[in-house]
Amino acid sequence: MMKTKDISNFFYSQYFADGLRITIGCIVPIIICALLGKFILGTYISLGALLVGLSDTPGAPSHRRTGMIASFIVCLATQFITVLVNSNIWLMTVVIALLCFIYSMFAVFNARAATVGSMGILIMLMYVDDSKEVHDEWMFLGYFIIGALWYMLISFSLTQVRPYRLAQQELSESIRHVGDFIRLRANFYDVRADFEENYGKLIDKQIEVHEHQENVRDLLFQSKRSIKDTTKIGRFLTLTFNDIVDLFEQSMTTHYDYELIRKTYGHTGILKEYRILLIKIANELDHLAYQLNANRAPKPLYNFTKDIDYILVSIDRLEKKEGLNIIPLKKILISIRSITVFIHNIYNYSVIRPNKVHKQEIEEAHKFIQTEHINWRSFKDNLSLNSTIFRHALRMSIVMSLTYLILNLNFFNIGQMGAFWVLLTIMVILKPGFGLTKERNVQRLMGTIIGGVIGAIVLMTIHDEVIRFILLIFFFLTAYSLFRVNYIVAVLFMTPYVMIMLSFTGVNTFVMAKERVFDTFLGGMIAFLSSYLIFPSWESFQIKSNMRQVLIANYNYLSQAVRILYGETISVTSYKLARKQLYISSANMGSTFQRMLSEPKWRQKSTKEVNRFVILNHILSSYGATLLSQLTEATETNYTKEHLVILKKILTNLSKATLLLEPTAEENFMEVTEFPELTADTLDPEESKLITEQLQFLNKISADLYKSTVDVMQKEKSIQLEKLEITNG
């Protein structure tokens with residue numbers, strides 16, 4: 001049943017929708033032209049649709065339109081320049097070097113601009129060896145325009161007909177990942193689960209949650225129409241997303257000292273009940289995500305009230321039977337109940353009038369989004385070898401131009417497709433960081449080899465052209481539906497598609513398949529070696545900057561506790577902005593560390609220390625969320641001088657750790673200098689004691705985080721001294 005649901009969920013997903021949109025844009029011109037006996041003409045038209053379609057990445061409709069139009073203009077200009085100079089090897093070499101550098105630098109602006117730049121390089125490669133008559137070249141330019149306009153017509157029309165569908169699909173994906181996150185949290189209540197391994201999985205999942213939440217923000221909040229919309233669907237999606245983000249934070253506040261929890265209550269069997277309840281919540285979120293994706297009215301799967309009441313009775317029974325302190329268990333249950341309340345509210349939004357529900361953070365949603373303006377100052381600032389993007393652009397420029405020049409000299413037999421496959425492989429594989437280049441290299445080579453075998457089998461066993469064409473559509477649709485899900489499988493399906501396509505043009509597909517495998521291998525080796533030798537960008541260069549950013553984000557997040565102790569009412573917007581910044585910096589830190597692990601062993605000198613830092617940061621942010629939640633719920637009469645003293649120590653530890661790391665130019669780190677005067681008295685000793693325990697644990701973790709930062713810096717210093725000794729010695 002679950003497998004069937006997963007399959008149908010994929011067909012409802014944005015990934016399949018994207019693949020279907022590109023497939024319609026590319027295949028329809030081929031079918032129409034084939035029926036008119038002009039198959040090759042159809043392939044040229046589909047090229048325009050493909051390149052503009054690939055630039056149609058997820059995001060706000062206005063951003064997508066801008067991206068497609070920019071891609072259209074860049075591709076037209078690049079095609080025009082390329083056909084003017086491609087008859088001269090030396091001129092073409094210079095043009096490749098210049099365009100590869102400029103287009104690679106587009107990544108300075110944002111991810112969408114980087115995609116537009118990639119499309120510019122791609123169309124240049126398609127015409128790099130294509131010397132035809134001037135008349136033909138102008139005709140192909142016209143075909144490209146037709147294909148590009150055709151795809152834009154499809155995309156714009158779908159957006160107008162179903163304006164909220166993309167947001168609905170992305171929100172569904174976001175909810176599914178939050179469910180997976182809670183499922184991993186449940187493992188902490190399993191006495192057999194490995195702590196460190198589960199932390200690693202949890203951090204990886206947090207990165208995915210953040211990425212999808214940012215995508216949903218972009219889709220929902222870039223337009224005031226989504227925020228202020230009086231239609232039920234628009235307001236429902238906005239409120240649902242707001243509650244899912246709060247639910248995600250609440251799932252982090254279920255974080256207590258799990259080792260102590262296991263030691264104290266593991267023998268009682270009560271933790272198993274918590275784990276089962278959290279897994280049920282995760283399943284409920286999967287169910288909600290599926291219903292949203294399928295565009296159905298959401299209906300609940302479980303009634304959590306009975307489960308919570310059952311655990312409450314079990315806790316009371318445990319207290320009477322064994323005399324244990326059951327307050328931590330009750331606090332965890334309160335957090336879990338809060339999660340179920342968010343889920344209950346989301347289901348209610350589908351039956352009430354959601355436009356009558358007002359929330360401050362939604363009304364001020366513009367503060368949570370990043371506008372995609374082209375900042376030329378940023379371009380100028382990155383023209384330095386200290387910039388990873390600049391180093392990548394130089395590497396791309398040098399490698400692509402030299403490879404083209406060498407392959408086009410008379411020393412090599414480069415096959416029917418010229419240097420195209422080799423250059424295409426380099427373009428796709430070569431990434432700013434070594435780790436990403438290495439990973440993409442292996443994936444592309446494996447996908448090409450396996451896909452080549454599948455394509456050869458299809459061509460040897462199936463001779464009917466209609467069946468081949470149906471398979472061509474299937475391979476194309478599957479490949480472009482999976483590009484953002486599983487790259488290796490996408491390449492696996494793309495290779496037989498290319499082979500079948502070429503079989504209709506009269507090319508010897510088996511010779512072409514052998515050439516593609518060889519060219520992929522050659523291009524992969526060139527990309528791999530160049531990322532290692534030519535202006536390499538190691539993640540270890542970025543790690544200290546990411547560490548500083550995450551420490552500052554934690555400091556700013558926890559410093560809100562000072563304002564609470566002052567008696568200030570923190571606005572929901574300012575609190576959530578600090579929380580969002582913490583999530584972003586934590587996700588960046590985790591991603592950098594993941595890529596660092598794929599680098600050569602000799603670059604991984606401080607891996608153990610950085611891994612400890614990443615885990616401690618995750619624990620600190622989780623406990624921080626718990627503390628702020630606890631302080632917000634408590635009354636001012638429960639705050640004591642002891643709380644303030646410990647909080648000062650926590651902030652001091654974070655500040656000391658931050659100051660160990662070199663600041664960046666655009667950063668603004670301000671320490672808290674004013675603290676309130678508090679008495680030692682409290683009206684509720686038990687509540688005050690719980691806050692004290694939370695602060696004490698946070699103090700311990702912040703001290704460990706400071707020590708971990710010192711360890712990383714000392715390791716870096718010892719490595720530099722070793723290098724200096726080798727150089728001098």
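These legends go with several close-up views of a predicted model. Local features need pLDDT of at least 70 and side-chain atom pairs count only at pLDDT 80 or more, while totals for chains, interfaces and linings use all residues. Residues are numbered from 1 along each chain as its sequence is written, and side-chain values use heavy atoms, with hydrogens and water left out.

**View 1. Glu214 in helix α9.** Here we're looking at Glu214, which sits in helix α9 (residues 195–221); helices are DSSP runs of H or I with at least four residues, numbered from the N terminus. Glu214 counts as buried because its relative accessible area is 18%, and buried means under 20% (exposed is over 50%, partly exposed in between; 1.4 Å probe, protein chains only). Its side chain makes a polar contact with that of Arg217 at 2.6 Å. For that term, we want a pair of N or O atoms within 3.5 Å; within protein, one must be able to donate a hydrogen and the other to accept it, and residues adjacent in sequence count only if both atoms are side-chain atoms. Setting aside residues up to four places away in sequence, Glu214 also touches Lys580 and Ile584 (contact: heavy atoms within 4.5 Å).

**View 2. Leu202, also in helix α9.** Leu202 belongs to helix α9, and with 0% relative accessibility it is buried. Neighbours within four places in sequence aside, Leu202 is in contact with Phe181, Leu184, Arg185, Phe188 and His618. Ile182 is 20 residues away from Leu202 in sequence, with 9.0 Å between their C-alpha atoms.

**View 3. The largest nonpolar core.** This core has 109 residues, and Leu247, Ile270, Tyr274, Ile281, Leu285 and Leu329 touch the most other members. Helix α27 (residues 607–633) supplies its largest share, twelve residues. A nonpolar core is a set of buried Ala, Val, Leu, Ile, Met, Phe, Trp, Tyr and Cys residues joined through side-chain atoms within 4.5 Å. Zoom in on Leu329 and, beyond four places in sequence, you'll find contacts including Tyr265, Ile270 and Tyr274. Another core, of 88 residues, lies apart from the largest one, with Phe39, Tyr103, Phe106 and Ile429 among its members.

**View 4. A nonpolar patch on the surface.** Phe80, Ile81, Leu84 and Trp138 make up this patch, with about 390 Å² of accessible area together (Shrake-Rupley method, 1.4 Å probe; for residues, only the protein chains shown count as cover). Helix α4 (residues 61–85) gives the most, three residues. Phe80 is in helix α4 and counts as partly exposed because its relative accessibility is 33%. Patch residues have over 30% relative accessible area and no salt bridge, with like charges joined within 9 Å and nonpolar side chains (Val, Leu, Ile, Met, Phe, Trp, Tyr) within 5 Å. A salt bridge puts a side-chain nitrogen of Lys or Arg within 4 Å of a carboxyl oxygen of Asp or Glu.

Note on methods
Helix = DSSP H or I, 4+ residues; strand = E, 2+ residues; numbered from the N terminus.
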